[in-house]
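Subject: Structure handover

Hello,

Here is the structure I promised to pass on. Please have it open while you read; my notes follow below.

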Amino acid sequence: MSTYRDLTLRGASRGTVLRTVGTRERRSHLTAPRVPTVGIDIGGTKVMAGVVDADGNILEKVRTETPDKSKSPKVVEDTIVELVLDLSDRHDVHAVGIGAAGWVDADRARVLFAPHLAWRNEPLRDALQDRLAVPVMVDNDANTAAWAEWRFGAGRGEDHLVMITLGTGIGGAILEDGQVKRGKYGVAGEFGHMQVVPGGHRCPCGNRGCWEQYSSGNALVREARELAAADSPVAYNIIERVKGSVPDITGPLITELAREGDAMCVELLQDIGQWLGVGLANLAAALDPSCFVIGGGVSAADDLLIGPARDAFRRHLTGRGYRPEARIARAQLGPEAGMVGAADLARLVARRFRRANRRRVERYERYGRYTQALRAPADRSSRTTPEDPQT
């Protein structure tokens, strides 16, 4: 192989390496290099980065506020680079994985759209890879969280898993036979925008009646604030807690009061849980998973939320009584799940880059031996001086 051909194949082999990761995830994670990688979780309010080992343990974690969404994408890139370089000063980092709250294309190279950041068809992977000089993997944050729960958390041992993340809205991910199902264009799992109430509450996506308008952190807070603003007798406890400031009502406060036995807050979580169960039953009809893992901030309510969800799931499940029921479990890894999953998926990319680099080195070595063998006869002949015919 010529040196020119070897050089021109470098860019193509890099792209192929990244594109083929998804098709071999199940087998690859078992043989991926046991090297530390960095996982990054980018949300609307914070950027969290951590060094994660091959067993999912976080060796070190740092975080900072997410730059304002009105700023340029480069500002967010600068923040990511600063965090990675900071961690690299103390750890031997082999790859970087990023879980972004938004739509990521099927090649895991571009963020097509991020609701909390000014990313529109942003080539994030290549921009960061050029600056960090290590392999970079980009994926949706729900996908990375689901991968972490499958590898290290509540979904271990499951062949067909669906994860639901309940936060400001609803995110989701599908794993089948140890492979993340991203869809043709990379945007599978946007379960929060399934229509469950025709003509219902308006959703920021532009439609009405989306699932996340009835079972999410926003839905929970909206209902509590409406009752408080109406000065409802059932809301007196929470009104007193926030000293009459309705905008200070938050999801964690509602959960806290529900645990203390506040009837209104318990009922609100039951309502959210029942809508969660309805959506899970719809997903079971379409996907038939063996397990649903419920994550995100709202899942901190635990059985106050998941208990009603299980009841509603059984009531609305198609073919109930004549089919196996999927297990519904709360996520185990908490807010670090997206970061841990991103780091673990990046380890697969690190392995393929290491393999590609090793093969390039081997080709160069073979080429070097070949050229040396060609030069050897010429070198020997140049060292032999012919006799002078006149002597």
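First, a term: buried means under 20% relative accessible area, exposed means over 50%, and partly exposed lies in between (1.4 Å probe, protein chains only). Helices (H or I, at least four residues) and strands (E, at least two) are DSSP runs, numbered from the N terminus.

This is a predicted model, so local features need pLDDT of at least 70, side-chain atom pairs count only at pLDDT 80 or more, and totals for chains, interfaces and linings use all residues. Residues are numbered from 1 along each chain as its sequence is written, and side-chain values use heavy atoms, with hydrogens and water left out.

Confidence
pLDDT is the predictor's confidence in each residue, from 0 to 100. The protein chain averages 84. At least 70 is reached by 80% of the residues. A contact means heavy atoms within 4.5 Å. Where pLDDT is low, the predicted coordinates should not be read in detail.

Helix H5
H5 is largely enclosed by the rest of the structure, because 11 of its 12 residues are buried. Among them are Trp147, Glu149, Trp150 and Arg151.

Trp103 sits in strand S5 (residues 103-104). Its relative accessibility is 39%, so Trp103 counts as partly exposed. With Leu112 and Phe113, Trp103 forms a nonpolar patch on the surface. Together they have about 250 Å² of accessible area.

What does Glu190 contact, leaving aside its neighbours within four places in sequence? Trp103 and Asn140. Glu190 lies in the loop between S11 and H6. Glu190 is partly exposed, at 28% relative accessible area. Glu190 and Gly102 are 88 residues apart in sequence, yet 9.8 Å apart in space, C-alpha to C-alpha.

Gln213
Gln213 is in the loop between strand S11 (179-180) and helix H6 (217-229). Is Gln213 buried or exposed? Buried, at 10% relative accessibility. Beyond its neighbours within four places in sequence, Gln213 contacts His201, Arg202, Cys203, Pro204, Ala219 and Arg222.

Best wishes

Conventions: Patch = residues over 30% accessible without salt bridge, like charges linked within 9 Å, V, L, I, M, F, W, Y side chains within 5 Å. Areas by Shrake-Rupley, 256 points an atom, 1.4 Å probe, with all protein chains shown as cover. Salt bridge = Lys/Arg side-chain N within 4 Å of Asp/Glu carboxyl O.
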